[in-house]
Amino acid sequence: MTIDDTTTRPFTLTREHILMVSDLSWSSDNSRALPWYSPDYKCYLPGRPVLHGGQEFLDTLNLVRAAKPDVDIEWHDILVDGNKAVLHVTFRGHHLGPLFGIPPTRRLLEIGEIIIETYDDQGRMVEFRQEGDYAGMLTQMGIVPPPGTGPLGTIAHSVKTAVRLTALDRSHRRAHGK
């Protein structure tokens, strides 16, 4: 399907359309996905400034893909109601590159997410809202202590993590000539 196909007939949001936009967006050349994002597109990610425009969102996906090059998406549910969809997905991948300032830990990360997408009458995404278990992901990275860690354990974990992250960052910089 191309964006031109939607101008000659009414658009109906389907699971297949959502998966097509996702596949294009996560591909190595995700510029092919740009026509499927409305010029008014806004993306809301937890703890991050609002992203404006499809290109800014696709650039963020490129950063995530560079940090977790083996990222795999497991689709649990896709619920469609009119021009809105609710997605339940799990993302898995090894943390092999910097991710939002955190040096690569080489650990397998798994994060469950609920995503709400809204599309316009031409099949272009206008809004993306995401909620995920980011505290759980930080625990998997070893940044946040495991649940139930007491006060002294939290202090010890913090010191150990600071030393470990500094070593990981130095190692990554040396390996990449920085």
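Helices (H or I, at least four residues) and strands (E, at least two) are taken here as DSSP runs, numbered from the N terminus. On that basis the protein chain has five helices and six strands, and from the N terminus on these elements run α-α-β-β-α-β-β-β-β-α-α. The model is predicted: local features need pLDDT of at least 70, side-chain atom pairs count only at pLDDT 80 or more, and totals for chains, interfaces and linings use all residues. Residues are numbered from 1 along each chain as its sequence is written, and side-chain values use heavy atoms, with hydrogens and water left out.

**Overall dimensions and surface**

- The C-alpha trace of the protein chain spans about 65 × 40 × 25 Å along its principal axes.
- Of the 178 residues of the protein chain, 36% count as buried; buried means under 20% relative accessible area, exposed over 50%, and partly exposed in between (1.4 Å probe, protein chains only).
- The protein chain exposes about 10000 Å², of which carbon and sulfur atoms supply 57%; accessible areas come from the Shrake-Rupley method with a 1.4 Å probe, and for residues only the protein chains shown count as cover.
- Among contacts in the protein chain with a separation of 6 or more, 52% come from residues 24 or more positions apart, where contact means heavy atoms within 4.5 Å.

**The sheet**

- Six strands make up an open sheet of mixed pairing, in the order β2-β1-β6-β5-β4-β3; two strands pair if DSSP finds at least two bridges between them.
- The edge strands, β2 (51–52) and β3 (72–81), each pair on one side only.
- Strands of a sheet pair through backbone hydrogen bonds, either parallel or antiparallel.
- Strand β1 (residues 37–44) runs antiparallel to β2, joined by two bridges, whereas β1 and β6 pair in the parallel sense over four bridges.
- K42 stands opposite H52 in β2, and the bridge partner of K42 in β6 is E127.
- Seven bridges link β5 and β6 in the antiparallel sense, and E113 stands opposite G132 in β6.
- A hairpin is formed by β5 and β6 with five residues between them, and G123 in the turn has a positive phi of about 85°.

**Helices against the sheet**

- Helix α3 (residues 54–67) lies across β1, β2, β4 (84–94) and β6 (125–132), running at about 50° to β1.
- Helix α4 (residues 134–141) lies across β5 (108–119) and β6, and runs at about 155° to β5.
- For these angles, axes are lines fitted to C-alpha atoms, for helices over the stretch in contact, and angles run from 0 to 180 degrees between N-to-C directions.

- E131 is found in strand β6 and counts as exposed because its relative accessibility is 54%.
- Leaving aside neighbours within four places in sequence, E131 is in contact with P46, G112, E113 and I114.
- The C-alpha atoms of E131 and G47 are separated by 10 Å, although these residues are 84 residues apart along the chain.
- T118 is found in strand β5 and, with a relative accessibility of 14%, counts as buried.
- Not counting residues up to four places away in sequence, T118 touches N83, K84, R124, M125, V126 and E127.
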